[in-house]
Amino acid sequence: MTAPTSIAAPDDNAAPPPLAPSMTTSQDFRDLGFGRVVAQQVRGRFLTRDGAPTSRKYGLGAQRAERFYLTALNTPWPAFVGWLVGALLLLNGCFALAYVALGAGALRGGDALGLADPFLRALSFSVAVFTTTGTGGMYAVGPTAHWLVVLESLVGPLTLLGAGGLLVARLTRPRMRLRFSESAVVAPYEGGRGLMFRMVNVQPGEVSDVQARVNLALFEEVDGARVRKFHQLALERSSVEFFTLHWTVVHPITADSPLRGVTPESLRAAEAELLVLVNAHEETFSTRVTTRASYLWDEVRWDAKFASVFASGPDGVLAIDVDRLDRTERLPEGTTSVPAALELA
């Protein structure tokens with residue numbers, strides 16, 4: 001869906017427009033939870049391009065199990081399946097090497113399998129024990145081999161149980177996959193300028209009641225000191241009920257905007273960063289889900305506007321081409337890189 005042509009009515013519950021930097025109010029202490037003092041010392045961005053925090057916490061130990069679990073949940077499916085199959089084969093290969101190291105007499109009854117290679121016979125026996133599917137006519141000989149069978153018969157089911165748990169967690173975890181435009185743009189809007197970015201839901205499942213909040217972090221000169229401040233940007237529309245196509249999120253740059261009079265040079269000098277938080281109702285699992293994104297000052301394009309993403313659909317239905325989400329059209333130089341008169345009123 002494209003942005004409407006009129007500015008939405010103000011929300012009574014929305015935060016008031018940011019005041020001029022020279023005025024001291026409680027707005028000066030907005031830090032989004034990063035900490036007012038610490039936020040002044042941070043260099044670089046607060047969030048990565050895909051919304052992951054760049055901050056770190058020390059003193060909690062390695063937390064390898066927790067990090068492994070989160071990585072397993074967030075890894076793309078092809079990589080997850082590849083790592084899972086590879087880990088199972090590696091583990092079975094280690095047990096097979098252990099059986100081979102015990103000598104040719106450690107495993108017997110495998111002649112009928114037609115496997116002349118000792119490692120392949122041991123691997124076949126290991127997979128059978130590991131998965132508890134039965135070893136057929138093969139059996140272990142000797143106390144060491146039997147203890148190895150006992151160990152593998154314990155490790156195998158536990159490993160498969162853990163792998164199955166990860167699969168279930170991935171399949172049943174509610175999530176929202178939004179694709180954001182590669183860059184934000186400062187484009188013409190309502191006789192002035194507007195800061196815009198686009199997003200689309202790339203999951204087959206539907207989301208509704210989508211709400212967006214955009215905060216601006218930048219350095220300002222206050223009483224001769226360079227201070228980082230945070231401003232919540234007033235949006236043309238902060239929520240949409242239906243998110244079946246795409247959404248162009250627009251912040252009108254007016255006289256009340258913290259971006260009034262902004263230029264590419266001033267945005268770079270302020271080391272500005274847009275922090276985007278989107279939450280929505282995920283209909284498959286009927287729960288709220290959130291996602292984040294970030295645009296740094298050098299990821300904002302000037303003198304450009306987004307190209308149309310609409311495509312011709314059958315029977316006249318609404319349709320968009322997601323491959324066009326990042327496309328922009330160049331405008332004459334100075335169209336938006338120069339402040340509009342509306343901002344200086």
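Here are some numbered notes on this structure, written to be read with the model open beside you.

1. **Before you start.** Please keep in mind that this is a predicted model.

2. A pair of aromatic rings is described by the distance of the centres and the angle of the planes. This structure has five aromatic pairs. One of them joins Trp77 and Phe80, with 5.7 Å from centre to centre and 90 degrees between the planes, an edge-to-face arrangement. Both residues belong to helix H3, which covers residues 77-101, and they sit three residues apart, about one turn of the helix.

3. **Two partners, two surroundings.** Is Phe80 buried or exposed? Phe80 is buried, as its relative accessible area is 6%. Trp77 has a relative accessible area of 37%, so this residue counts as partly exposed.

4. **A pair that bridges two helices.** Next, look at Tyr99 and Phe125: their ring centres are 5.3 Å apart and their planes stand at 85 degrees, so this pair is edge-to-face as well. Tyr99 is in helix H3 while Phe125 is in helix H4 (residues 118-131), so the pair ties together parts that are 26 residues apart in sequence. Tyr99 and Phe125 are both buried.

5. **An arginine over two rings.** Go back to Trp77 and find Arg170. Over which rings does the charged end of Arg170 sit? It sits over the ring of Trp77, at 4.1 Å from the ring centre. The charged end of Arg170 also sits over the ring of Phe80, with 4.5 Å to that centre. These two rings are the edge-to-face pair from point 2.

6. **The largest pocket.** Rolling a probe the size of a water molecule over the atoms shows where empty space is left. The largest pocket holds about 1400 Å³ of space. Its lining is made of 38 residues, and the ones closest to the centre are Asn74, Arg173, Arg175, Met176 and Thr291.

7. **Who builds the pocket?** Which elements each supply at least two residues of the lining of the largest pocket? They are helix H2 (64-74), helix H5 (143-172), strand S3 (178-180) and strand S11 (287-296). Strand S11 gives the most, with five residues.

8. **The cavities.** The structure also holds four cavities of 30 Å³ or more. In the largest cavity there is about 90 Å³ of space. It is lined by 15 residues, and Leu195, Leu216, Leu267, Leu274 and Val300 are the closest to its centre. Strand S10 (273-282) and strand S11 each supply at least two of the lining residues. As for class, this lining has 14 nonpolar residues, no polar ones and one charged residue.

9. In soluble globular proteins, nonpolar side chains tend to be buried together. Here the largest nonpolar core has 35 residues, and Phe180 and Val278 have the most contacts inside it. Strands S3, S4 (184-189), S5 (192-201), S6 (207-222), S9 (246-253), S10 and S11 each give two or more residues to this core. The largest share, six residues, comes from S6.

10. **A buried glycine.** Gly194 is found in strand S5. Its relative accessible area is 0%, so Gly194 is buried. From Gly194 to Leu296 there are 102 residues in sequence, and the C-alpha atoms are 16 Å apart in space.

11. **Two loop residues with positive phi.** Glu190 is not a glycine, yet its phi is positive, at about 50 degrees. You will find Glu190 in the loop between S4 and S5, where it is partly exposed with a relative accessible area of 42%. Glu271 is another residue other than glycine with a positive phi, near 50 degrees. Glu271 is in the loop between helix H6 (264-269) and S10, and at 29% relative accessibility it counts as partly exposed.

Terms used
Residues numbered from 1 in each chain as written. Predicted model: local features only at pLDDT ≥ 70, side-chain atom pairs only at ≥ 80, totals over all residues. Heavy atoms only, no water. Phe/Tyr/Trp six-rings, centres within 6.5 Å; stacked < 30°, edge-to-face > 60°. Helix = DSSP H or I, 4+ residues; strand = E, 2+ residues; numbered from the N terminus. Buried < 20%, exposed > 50% of the residue type's maximum accessible area, 1.4 Å probe, protein only. Lys NZ or Arg CZ within 6 Å of the ring centre and 35° of its normal. 1 Å grid on protein atoms, 1.4 Å probe; cavity = no way out; pocket = protein on both sides within 12 Å on 5 of 7 lines; lining within 4 Å. Points joined across faces, edges and corners; volume = space filled by probe spheres on them. Nonpolar A, V, L, I, M, F, W, Y, C, P; charged D, E, K, R; others polar. Core = buried A, V, L, I, M, F, W, Y, C linked by side-chain atoms within 4.5 Å.
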